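Me: I have a protein chain on my screen and I would like to learn how to read it. Could you take me through it step by step?

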Amino acid sequence: MNEHDERGTAMTGVDPGRLDDQQLMKELETIHRTRHDTLLYGSNDALRAHNERMAQLEGEYLRRNPRRFVSAGRTRDGARERAAAGPGDGRAPVGKWGPGDTGAGAPRT
């Protein structure tokens with residue numbers, strides 16, 4: 001589906017506001033998974049389109065989830081705490097699969 005926004009540039013994909021929650025999450029997972037390759041190997045136009053689509057999808061997610069859980073470790077205060085604690089403090093990072101697991105060796109779904 002090709003639509004045009006007010007700037008006259010092409011937009012590919014369904015308007016994020018029309019996606020249900022499950023579809024939105026699937027789109028977000030896909031765009032984040034393809035981000036690195038687009039940055040490294042995509043044309044400037046491909047990167048620009050990727051940036052715009054990612055911003056649209058993330059904006060819709062944030063609009064729907066204004067009170068989403070925010071991990072203390074992902075804030076400035078949390079980063080300052082980690083820096084103050086120094087290396088070897090015994091605390092493991094919190095990863096996608098829970099405390100202490102950064103995902104290394106965890107099965108990809």
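**Reading the helices and the core**

Me: What caps the N-terminal end of α1?

Reply: D20 does: one of its side-chain oxygens lies 3.1 Å from the backbone nitrogen of Q22. This is a polar contact, meaning a pair of N or O atoms within 3.5 Å; within protein, one must be able to donate a hydrogen and the other to accept it, and residues adjacent in sequence count only if both atoms are side-chain atoms. Bear in mind that this is a predicted model, where local features need pLDDT of at least 70, side-chain atom pairs count only at pLDDT 80 or more, and totals for chains, interfaces and linings use all residues. Residues are numbered from 1 along each chain as its sequence is written, and side-chain values use heavy atoms, with hydrogens and water left out.

Me: How many helices and strands does the protein chain have?

Reply: Helices (H or I, at least four residues) and strands (E, at least two) are DSSP runs, numbered from the N terminus. Here there are three helices and four strands, in the order β-β-α-α-α-β-β along the sequence.

Me: What span does helix α1 reach from its first C-alpha to its last?

Reply: The expected span of a helix is 1.5 Å times one less than its number of residues. Helix α1 covers residues 21–41, 21 residues, and reaches 30 Å, close to the 30 Å expected.

Me: Where is the kink in α1 centred?

Reply: A bend at a residue is the angle between axes fitted to the seven residues ending there and the seven starting there. In α1 the kink is about 40° and is centred on R35.

Me: Which residues of α1 are buried?

Reply: Buried means under 20% relative accessible area, exposed over 50%, and partly exposed in between (1.4 Å probe, protein chains only). In α1 the buried residues are L24, L28, I31 and T38, and they pack against α2 (44–64). T38 has 13% relative accessibility, so T38 counts as buried. Contact means heavy atoms within 4.5 Å. Leaving aside neighbours within four places in sequence, T38 is in contact with A46, L47 and H50.

Me: Which residues make up the largest nonpolar core?

Reply: In soluble globular proteins, nonpolar side chains tend to be buried together. A nonpolar core is a set of buried Ala, Val, Leu, Ile, Met, Phe, Trp, Tyr and Cys residues joined through side-chain atoms within 4.5 Å. The largest one here has six residues: L19, L24, L28, I31, M54 and L57. Both α1 and α2 give two or more residues to this core, and the largest share, three residues, comes from α1. Beyond its neighbours within four places in sequence, L19 has contacts that include V14, R53 and R64.

Me: Why does E60 count as buried?

Reply: E60 has 9% relative accessibility, so E60 counts as buried. E60 lies in helix α2 and touches P16, G17 and L24, not counting residues up to four places away in sequence. P16 is 44 residues from E60 along the chain, yet their C-alpha atoms are separated by 6.2 Å. The side chains of E60 and R63 are joined by a polar contact of 2.6 Å.

Me: How many residues of helix α3 are buried?

Reply: Of the 10 residues of helix α3 (residues 76–85), one is buried, so α3 lies largely in the open. G86 follows α3 and has a positive phi, near 75°. For the protein chain as a whole, buried residues make up 18% of its 109 residues.
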